[in-house]
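Please keep the sequence and the model in view while reading.

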Amino acid sequence: MEKTLILIKPDAVEKKLIGTIIKMYEENGLTIEDMYMCVPTEEILAKHYAEHIERDFYKGLVEFMMSGKIVAVLASGENAVSLVRKINGATNPKKADPCTIRYLYGSGVQMNAVHGSAVIEDAIREIEIWFGN
Ligand code: UDP
C-alpha cells in the first residue's frame, strides 16, 4: 500500500478546517496512519522545501508555514500520492478543479491550505523528514 505525506497548512488550521480536510481524504479511500500538530521549525522546512530554497517565494513561504500550527499527516492507500494531489487540487486555488481542497479552502498561491507529496520518491523523503523511520 502506497504512503504519502500531507501537511495541513497554518491557514487551514486557523480556519478550523482540520476535521473537514481529514474527512475528505478518508471519504476518498485514504487511511490516516499517523498525525501530529506542531509549529514547524525553519530547519525542518528547509529540508522539506529544499528544492525551492533559491526561489523568490521561499522566505515568505517559510514565514507563512511558521506562522501557526500545522498538522503533519501520514496517509496510505492505493495510489495514495496521486490521489492526495488530486484531492488537493492545483497549487493556485483559482486554477484548481472545483471540489478540491485548494479550490474550496485555499486563499492564494501561498496560503493554499494543504501540501501533498508530488511523487513517490518525494513521499518517501518527506515521510522520513516528518515521521522518521
Ligand atoms: N508557493 C508560493 N509561491 C509560488 C509558488 C508556490 O508561495 O509562486 C508555495 C505554495 O504554498 C506551494 C508551495 O510553495 O504549495 C510549494 O510549491 P510547489 O510548486 O511545490 O507546489 P505544490 O506541490 O505544493 O502544489
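## Model and ligand shell

The model is predicted. Which residues surround the ligand? They are Phe57, Leu61, Thr91, Val109, Gln110, Asn112, His115 and Ala118. By type, this shell consists of four nonpolar and four polar residues, with no charged ones.

## The annotated active site

An unreviewed UniProt entry gives the annotation "active site" to His115. His115 is part of strand β4, which covers residues 114–116.

Apart from neighbours within four places in sequence, His115 makes contact with Ile6, Leu7 and Lys9. Strand β1 spans residues 2–8.

Among the residues around the ligand are Phe57, Thr91 and Asn112.

Thr91 sits in the loop that joins α5 and α6. With 12 other C-beta atoms within 10 Å, Thr91 is exposed. Its contacts, leaving aside residues within four places in sequence, are Val109 and Asn112. Asn112 belongs to the loop between α6 and β4, and it is buried, with 23 C-beta neighbours inside 10 Å. Not counting residues up to four places away in sequence, Asn112 touches Thr91, Pro93, Arg102 and Gly106.

## Helix α5

Helix α5 runs over residues 80–88, and its buried residues are Ala80, Val81, Val84, Ile87 and Asn88. Viewed down the axis of α5, these buried residues fall within an arc of 130°, so they line one face of the helix. An α-helix has 3.6 residues a turn, so residues three or four places apart point the same way.

What covers the buried residues of α5? The cover includes strands β1, β3 (70–77) and β4, along with helices α2 (18–27), α6 (101–105) and α7 (120–131). After α5 comes Gly89, which has a positive phi, near 90°.

## A buried loop residue

Leu30 is located in the loop between α2 and β2, the latter spanning 31–38. Leu30 is buried, since 23 other C-beta atoms lie within 10 Å. Leaving out residues up to four places away in sequence, Leu30 touches Tyr25, Ala75, Ser76, Gly77, Ala80, Leu83 and Val84. Ala80 and Val84 are among the buried residues of α5.

Between Leu30 and Thr4 there are 10.0 Å in space, C-alpha to C-alpha, and the two are 26 residues apart in sequence.

## Two positive phi angles

Most residues other than glycine have a negative phi. Cys99 has a positive phi near 80° and is not a glycine. Ala113, also not a glycine, has a positive phi of about 75°.

Where are these residues found? Cys99 is in the loop between α5 and α6, while Ala113 lies in the loop between α6 and β4. Cys99 is exposed, as 10 other C-beta atoms lie within 10 Å. Ala113 counts as buried, with 26 C-beta neighbours inside 10 Å.

Key. Residues are numbered from 1 along each chain as its sequence is written. This is a predicted model: local features need pLDDT of at least 70, side-chain atom pairs count only at pLDDT 80 or more; totals for chains, interfaces and linings use all residues. UniProt positions are given in the numbering used here, feature names are shortened, and annotations may be inferred rather than shown by experiment. Helices (H or I, at least four residues) and strands (E, at least two) are DSSP runs, numbered from the N terminus. Two residues are in contact if their C-beta atoms, placed from the backbone, lie within 7 Å. A residue is near a molecule or strand if its C-beta atom, placed from the backbone, lies within 6 Å of it. Ala, Val, Leu, Ile, Met, Phe, Trp, Tyr, Cys and Pro count as nonpolar, Asp, Glu, Lys and Arg as charged, and the others, Gly among them, as polar. A residue is buried if 20 or more other C-beta atoms lie within 10 Å of its own, exposed if 12 or fewer, and partly exposed in between; C-beta atoms are placed from the backbone. The arc is that of the directions from the helix axis to the C-beta atoms.
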